[in-house]
Amino acid sequence: MRAEPNVTVPAGAELIDGAAIARQLRADVAEEVAALAERGVVPGLTVVLVGDDPASAVYVRSKERACLEAGMRGQTIRLPASTPQAELLAYVDQLNADPAVHGILVQMPLPKHIDADLVIHRIRSDKDVDGFHPVNVGKLLIGATDGFAPCTPAGVQELLVRSGVQTRGAECVIVGRSNIVGKPMAALMVQSGPGADATVTVCHSRTRDLAAHVRRADILIAAVGRAEMITGDMLKPGAVVIDVGMNRVEDGSQPRGYRLTGDVHFASASRVASKITPVPGGVGPMTIAMLLRNTLRAAQRTVVA
Ligand SMILES: NC(=O)c1ccc[n+]([C@@H]2O[C@H](COP(=O)([O-])OP(=O)(O)OC[C@H]3O[C@@H](n4cnc5c(N)ncnc54)[C@H](OP(=O)(O)O)[C@@H]3O)[C@@H](O)[C@H]2O)c1
């Protein structure tokens, strides 16, 4: 009798559909917004955009639209790039004092003559729905639940939870240590509780032997900003791969002359991983959904139970 060849055919990873999960989350938020509105409070987000960076203009428009779709108040204050820092701070003070504004977001990057940290610190921490104010950063680190977690890492955690990924005791390797993604991601995953309880490693540009760390990951979160740098051969078979990266790669075959790609080489990684997020359509849609949720929470906290 001939022995069956011992060949393992890779099954292919299951797609984590961030767009669908974000839609569900936005529907959940809209329901809670309607309930709050019945109590006389309509959550309101004000975005401040300084200058005319085209990518920022696109982000801001989609944030405003998402707010309105969820039944919230969404408003954008557009200021010229030459706006003096003092004038921007005065706008922030006004919004801080306005009871109809529950969430304030100053779109980054700001023009060079403005100190972004000063602006972030000026936003009232209970309206800082971006989660960048030091008070919220501190709350995140100590595991307090009355602050705001930054939207992208919070969205990643939500994706893991809603996709049924077991995080407890998992080796979670994060590539990237920015204040926006990598560091808060680590702070979320290391807490005790659902969607967390992981053993966390944070890698960066000074990490020795990145591939060895990546290879240990049950959950890999890539937030580097380098197109397709994580390849399938670096992964542990069955790993869950979350690709935060959003990179433009020149591509003459595309109408715009470029295509969007993540930090993970999707074709090779999806042959090894058990679950993987696509780019676009993975983490991206979750960021706005979490912004809506943070704004809803800010409004809910103004209502005495
Ligand atoms: N989908 C979304 O909503 C969303 C939101 C935010 C960001 N993003 C995307 O996520 C990516 C990361 O964003 P970010 O703001 O965190 O970027 P960032 O501030 O540029 O940080 C990149 C991180 O990657 C590390 N890094 C760079 N080269 C590396 C290498 N060869 N090996 C290991 N680590 C390396 C850097 O290390 P050092 O600290 O040592 O320099 C840094 O910590 C970007 O593609 C961005 O567009 C997406």
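Which residue's side chain meets that of Asp28 in a salt bridge? In this predicted model, the partner is Arg162, with N and O sitting 3.2 Å apart. Asp28 belongs to helix H1 (residues 18-38) and Arg162 to helix H6 (residues 151-162), so this contact ties together parts of the chain that are 134 residues apart in sequence. Neither end is fully tucked away: Asp28 comes out as partly exposed, at 28% relative accessible area, and Arg162 is partly exposed too, at 33%.

Glu32 pairs up with Arg297 in a salt bridge, and their closest N and O atoms are 3.4 Å apart. Because Glu32 lies in helix H1 and Arg297 in helix H10 (residues 284-300), the pair bridges a stretch of 265 residues in sequence. Here again both partners are partly exposed, with Glu32 at 31% relative accessibility and Arg297 at 27%.

Helices H6 and H10 are joined as well. Glu158 forms a salt bridge with Arg293, where the closest N and O atoms are 3.1 Å apart. With Glu158 in helix H6 and Arg293 in helix H10, this pair links parts of the chain 135 residues apart.

Across the whole structure, the search turns up 13 salt bridges, among them Asp28 with Arg162, Glu32 with Arg297 and Glu158 with Arg293.

Conventions. Residues numbered from 1 in each chain as written. Predicted model: local features only at pLDDT ≥ 70, side-chain atom pairs only at ≥ 80, totals over all residues. Heavy atoms only, no water. Salt bridge = Lys/Arg side-chain N within 4 Å of Asp/Glu carboxyl O. Helix = DSSP H or I, 4+ residues; strand = E, 2+ residues; numbered from the N terminus. Buried < 20%, exposed > 50% of the residue type's maximum accessible area, 1.4 Å probe, protein only.
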